[in-house]
Amino acid sequence: MSVGFDQGWEKGGSVFVNDDEEGWVEATIVKIEGVGRAATLTVKLKESGKMQRREANEVEQASQLSLSGVEDMTTLDDLTEATVLSTLRSRYQRKEIYTNVGGILIAVNPYEKLSE
């Protein structure tokens, strides 16, 4: 496995990349050139399968916890725009429209009827 020295980039690792249409989306690292924040990463987008080259400072690492769609986002290692949007997207796709951030409740599409 290739690992980017001081940033911890790992071939096969999950990251978030900012997509112009979808916002932050999940991708997998295919190739690493360079080290740390100066590295250039080739990533494969999870949904579309498209390959993209991105500078390391344009991506965020994604932990398993941030990809799982936790009920309370205060349990995430890093609370960033990418992890918040990924969590909300994941939970919405599972019809779990309520998500906590500590004492704050976020409701996504609260008017959708859910079966009981």
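This is a short chat about a predicted model of a protein chain.

Reader: Hi! I'm new here. How many helices and strands does the chain have?
Author: Welcome! The chain has two helices and nine strands. Please keep in mind that this is a predicted model.

Reader: Thanks. In what order do the elements run from the N terminus on?
Author: The order from the N terminus on is β-β-β-β-β-β-β-α-α-β-β.

Reader: And what share of the residues counts as buried?
Author: Of the chain's 116 residues, 34% count as buried.

Reader: Let's look at strand 3. Which way do strand 3 and strand 4 run, parallel or antiparallel?
Author: Strands 3 and 4 run antiparallel, and six bridges join them. Together they form a hairpin, with three residues between the two strands.

Reader: Which residues form the negative surface patch?
Author: The patch is formed by Asp20, Glu21, Glu22 and Glu47.

Reader: New topic: glycine 36. Where is its place?
Author: Glycine 36 is in the loop between strand 4 (23-33) and strand 5 (40-45).

Reader: Is glycine 36 buried or exposed, and why?
Author: Glycine 36 counts as buried because its relative accessibility is 1%, and buried means under 20%.

Reader: How far apart are glycine 36 and asparagine 57?
Author: In sequence they are 21 residues apart. In space, their C-alpha atoms are 9.0 Å apart.

Reader: One more. What is phi of lysine 95 near?
Author: Phi of lysine 95 is near 65°, which is a positive value in a residue other than glycine. Most residues other than glycine have a negative phi.

Reader: Where is the place of lysine 95?
Author: Lysine 95 is in the loop between helix 2, residues 81-93, and strand 8, residues 98-101.

Reader: And why does lysine 95 count as partly exposed?
Author: Lysine 95 counts as partly exposed because its relative accessibility is 49%. Buried means under 20% and exposed over 50%, with partly exposed in between.

Terms used. Residues numbered from 1 in each chain as written. Predicted model: local features only at pLDDT ≥ 70, side-chain atom pairs only at ≥ 80, totals over all residues. Heavy atoms only, no water. Helix = DSSP H or I, 4+ residues; strand = E, 2+ residues; numbered from the N terminus. Buried < 20%, exposed > 50% of the residue type's maximum accessible area, 1.4 Å probe, protein only. Patch = residues over 30% accessible without salt bridge, like charges linked within 9 Å, V, L, I, M, F, W, Y side chains within 5 Å. Areas by Shrake-Rupley, 256 points an atom, 1.4 Å probe, with all protein chains shown as cover. Salt bridge = Lys/Arg side-chain N within 4 Å of Asp/Glu carboxyl O. Lys, Arg positive; Asp, Glu negative; His and termini not counted. Charge placed at Lys NZ, Arg CZ, Asp CG, Glu CD. Pairing = 2+ DSSP bridges.
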